[in-house]
Amino acid sequence: MCRREGGRAIFSQKTFPYVSGYPLLGNLPDIMKDRLEFLQRMAHTSDVCGFRLGPFPGILFNKPEHVQSILIEHTSDFDKGIALIQHKLPSEISDGIICQEGDVHRRQRKLMAPVFQPRHIASYASCMGDYCERLQHTWSDGSVIDINQQMSNLTMSILGKVLFDADVFTEGDELGAAIMVILEYLSHVTSAFFSLSYSWPTARNRRMQKAVQVLRTRLQRFIDERRAYPSERNDFLSLLLQSKDDDGASMSDDQLMAECLNLFGAGFETAATALSWTWTLLCQHPEIYQRVQHEVDSVLAGHTPTYADLERLPYCLQVWKEALRLYPPVYFTCRHALHDVEIDGYRVPKGCQVLLAPYTLHRRAEYFPEPEKFDPERFTPEQEKSRSRYAYLPFGAGPRICLGLHFAMMEGHLLLAAIAQRTSFSLAPNQVIELKSRHSLLLRPVDGIHMIVTKRPDLPACEKYQMSLHGSSLGCPQAEV
């Protein structure tokens, strides 16, 4: 509906409910207590639901159409609101692509995008398979492992190799330990409503400053080595050193450091968390687990999976996608309105915080019937084609969609197949598995997830031969790399 006032068109706007909160504090106590429960409460209240952080308003939008409107059609009307916490971050973090806005973000993304093209990402499959086989050799039959820690070590090692061609990244070494300090710090400053500036000499800030210095020193050594001895290396750092913008300019050393830190921090822990929940779901659904292992046995016949094998492992991919639906590692994203803007007939005032939550969006029953059920059949090609494009967004959407999308999808797909072929897991008894979402940007398990390892026997040579014949008779073409 529209009316005219003084020659201007005035549109009537829809109203939405606000969740109840506390005097003065609004919903701050709710968010500090349990973000996940609070997001679910808002989603159950309304598709568009308001909240308050003290005196400051916010709105949760929870429909695929809203995702398209905010992240695609009105992308220039919002930013990520990083300026609000800029003083809490070192330049090594804030100068990276994740924190940048506008023209700077577009330049950096254009420089980095070629490195993440699927044809190039495919060349890292053998590295993933090799590291996965190495890790499995360290597990003894009947041992109990923390699967979250093991997946963290695995994905950290893989990312250290593909980023820097370095074999020294685990939580137990100096570089890995420094990365963990940085991630803990970022989780704190982005979760706490109030924290002191990075320049203040608090114990937390001093730990962070020491960790940043360790990484600066080591990364500078990597950069100096590449500049002094250019080679045919295939790691991300070497490729980023060669990248040039439209004016022929390349990245400075400081910019390279910031981008590498952003990529590392965003890449390894999200994959580790998602893989941990994938194994947990498979342990809780043995019939699905058995189907995964039947597929990998039939296709791989005992060899380490390669990129060319992935297209013949469709059920493994469906399992990976369904795990990302139930436990999207980044379970909410935030945007900050740069001026008044209208979304689906609702007025979003300038300065308002807008939330989009994959965790709640992925639980809409009209797109995912029985949404709490683990059902990989949701991701058959036919099911995916019939669903709204923006009902599923574990990697975001629009101009800021995750650069590492193809890398993450290949990594999860391949590691799932490689581990399922050699090892079976079962959940250790007498443990409570809980989501940690109170002061965390990711859906981590609170106290890890402990699993019992059962080593699967190698297939007899004759059975391998029969399965290889069976696999080749499917007529599936090899993927082009």
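Tutor: A salt bridge is a side-chain nitrogen of Lys or Arg within 4 Å of a carboxyl oxygen of Asp or Glu. The model is predicted: local features need pLDDT of at least 70 and side-chain atom pairs 80 or more, while totals for chains, interfaces and linings use all residues. Residues are numbered from 1 along each chain as its sequence is written, and side-chain values use heavy atoms, without hydrogens and water.

Student: How many salt bridges are there by this rule, and which residue forms one with Asp245?

Tutor: The count comes to 27 salt bridges. In one of them, the closest N and O atoms are 2.9 Å apart, and the partner of Asp245 is Arg107.

Student: How many residues apart in sequence are the parts that this pair ties together?

Tutor: Helices are DSSP runs (H or I, at least four residues), numbered from the N terminus. Asp245 lies in the loop between α11 (236–242) and α12, whereas Arg107 lies in helix α5. The pair therefore ties together parts whose separation in sequence is 138 residues.

Student: Is Asp245 buried or exposed?

Tutor: Buried means under 20% relative accessible area, exposed over 50%, and partly exposed in between (1.4 Å probe, protein chains only). Arg107, at 30%, is partly exposed. Asp245 has a relative accessibility of 18%, so Asp245 counts as buried.

Student: Which helix holds both Arg106 and Asp103?

Tutor: The side chains of Arg106 and Asp103 meet in a salt bridge of 2.5 Å, N to O. Both residues are exposed. They stand 3 residues apart, about one turn of the helix, and both lie in α5.

Key
Helix = DSSP H or I, 4+ residues; strand = E, 2+ residues; numbered from the N terminus.
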